[in-house]
Amino acid sequence: MSVYGAIREAYFEAVNEEVVYQNPLLFLKIWEIRGEAGQSSTLEQHPWHCHKEVEFLAVIEGSLGVQSKHGYLVLGPGDVMVLGAYQPHRSHKPTVDTALHYIVFQIDLGKHFDQSTMPYLYCFSELTQPLDILNYIFAESAAAKQKAHAYILEIFNESQTRMRGYEIAISSAIKRLLLLLLRSDTRNLLNDTEESELSRLRPVLDDIDARLNEKLVVEEACAMLNLSYHYFIKYFKKTMGVSFVDYVNYKRIKKSEQLLLTSELSIMEISYEVGISNLAQFYKLFKRHNHCSPRIFKQRMRSESKSAMEAKRHAVEES
């Protein structure tokens, strides 16, 4: 078998990994990996793997060899690389002379868009091509690479220290990272939504927000804009980056998350409050968005809040 054939075979046997988020509301996992000097490994020792989350790599020290379907690249200190959702890849420590230290940052980007930024979801939705295409930015712009590296380290440090408001700090850094990619895309590979297109949909978006606890159907939205069914569903997805049904479900789950954390309503009551009368369907949608049940989500967040408060108390006692 040729070298290309072996790579191609391994590529299609990539392990689909499940990423366990460190915070269920931030939809991310970020950690550091270290390799000692005097040790190295071959690519063959590391199987191909993929995951639905986008992955960023930021090297702090040493050399990291990364192989994807686009080829093989060795990253050094200060280098950054992005790997799109479900893109098989593998990495290794190619040299023995230096230690290796790098950050792995995996994130479900789609969960970090709210109504004000939703028009830009289409840019990062990877409907036509993976975000790997943006690696040219880091190759051509030292300034963009430096900023991206700094943002990833900021997210990592905030996730480790977990100071009060670290979630806000992480969300802010993620948005700055996305903005950096958007504004550094000199080749215009990311296509954003025109403001006029969004304005046309505004009545429908406002209606969805106002009537989340009611039955919402595409036909009513079509009539509101005086558009045919087929034209509307294509126009909505092109503008928002997601289908009408997926957008409504997204808004409902976001509202249910808020109610789980801020009210004493039962899960069934919350299901009705967000317009989902079928409890089994509510559980299915919630698990699809959060990878856990509503009950586990609430327990995790309360535990997260308790840990943060205890850390704050210890910090005050020690100071």
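Modeller: Rings of Phe, Tyr and Trp (its six-membered ring) pair if their centres lie within 6.5 Å; planes under 30 degrees apart count as stacked, over 60 as edge-to-face and the rest as tilted. This is a predicted model, where local features need pLDDT of at least 70, side-chain atom pairs count only at pLDDT 80 or more, and totals for chains, interfaces and linings use all residues. Residues are numbered from 1 along each chain as its sequence is written, and side-chain values use heavy atoms, leaving out hydrogens and water.

By the pairing rule, the count is eleven aromatic pairs. Take Tyr-231 and Tyr-235: their ring centres are 5.9 Å apart and their planes meet at 15°, so this pair is stacked. The two tyrosines are four residues apart in helix α8 (residues 229-240), about one helical turn. Helices here are DSSP runs (H or I, at least four residues), numbered from the N terminus. Tyr-231 is partly exposed, at 42% relative accessible area. Tyr-235 is buried, at 10%. Buried means under 20% relative accessible area, exposed over 50%, and partly exposed in between (1.4 Å probe, protein chains only).

Phe-232 and Phe-236 make a tilted pair, 5.8 Å centre to centre with 45° between the planes. Both lie in helix α8, again four residues apart, about one turn. Phe-232 is buried, at 0% relative accessibility. Phe-236 is buried too, with a relative accessible area of 0%. Ring pairs also link Phe-232 and Phe-236 with Phe-244 and Tyr-247 into a cluster.
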